[in-house]
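I opened this notebook to record what I looked up in the structure. The entries follow the order of my reading.

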Amino acid sequence: MFERLTKAARAVVKGAVGHAERAGAPDVGPEHLLLALLDREDTRGAAVLHRLCPPDRRPALATALADARRRAGLSRADTEALAELGIDVGAIVDRVEEAHGTGALAGGRGRPGRRPFSREAKAVLEKSLRVTLARADREIGDEHLLLALTASGGTVAEALADQGVTYASVDAALGAPAPS
């Protein structure tokens, strides 16, 4: 599959590894793919992402990702489902962080060396291949990674949707001519 990645998509994957390493994450997750995509410029996916989520809205996106990390990656839907069972995730996070420090549920510090891709990140990469094939494209570009991030569910898709970046909006923006 990696042989089908464009230069831009390879740069996103490499950038995601870098983000995971700098964060001390034990593995590369979908949030690292998104952060690496946000770093890109002058590519199809980056242009669409910048158009749909301009720089002034990025702090809210970063906050949503950080909040999800604090909740051990639980989405809002997961948190709401647990609340219906009488489990207050916010209270649990507060108590764990009180005992073990801020970010205790965010995952252990990764060891130096190669970072594996999480199950969720692998699913995004696989989804990007399916998106590419469904669109009858030959190569997996960073735009396909963005589409896959919006379609894969979970906290990253949720944070993007909160900023108006959905599969439908990305798909429409990819079909629209770039603003001049």
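I began with pLDDT, the predictor's confidence in each residue, from 0 to 100. This is a predicted model, in which local features need pLDDT of at least 70 and side-chain atom pairs count only at pLDDT 80 or more, while totals for chains, interfaces and linings use all residues. Residues are numbered from 1 along each chain as its sequence is written, and side-chain values use heavy atoms, with hydrogens and water left out.

Entry on confidence. I noted a mean pLDDT of 86 for the protein chain, with 88% of its residues at 70 or more. Helices are DSSP runs (H or I, at least four residues), numbered from the N terminus. Confidence is highest in helix α8 (residues 142–151), at a mean of 97, and lowest in helix α6 (residues 89–100), at 75. I kept in mind that where pLDDT is low, the predicted coordinates should not be read in detail.

Entry on α8 and α10. I looked up the axes, which are lines fitted to C-alpha atoms over the stretch in contact, with angles from 0 to 180 degrees between N-to-C directions. Those of α8 and helix α10 (residues 167–175) come within 8 Å and cross at roughly 160°. The pair is therefore roughly antiparallel (over 145 degrees). Contact (heavy atoms within 4.5 Å) involves E143, L146, L147, T150 and A151 of α8 and Y167, V170, D171 and L174 of α10. I sorted these residues into six nonpolar (Ala, Val, Leu, Ile, Met, Phe, Trp, Tyr, Cys and Pro), two charged (Asp, Glu, Lys and Arg) and one polar (the others, Gly among them).

Entry on α2 and α3. Helix α2 (residues 30–39) packs against helix α3 (residues 44–52) at about 90°, with axes 8 Å apart. The two are therefore roughly perpendicular (65 to 115 degrees). I found L34, L37 and L38 of α2 in contact with α3, through G45, A46, L49 and H50. Five of the contact residues are nonpolar, two are polar and none is charged.

Note on methods:
Angles under 35 degrees count as roughly parallel, over 145 as roughly antiparallel, 65 to 115 as roughly perpendicular and the rest as oblique.
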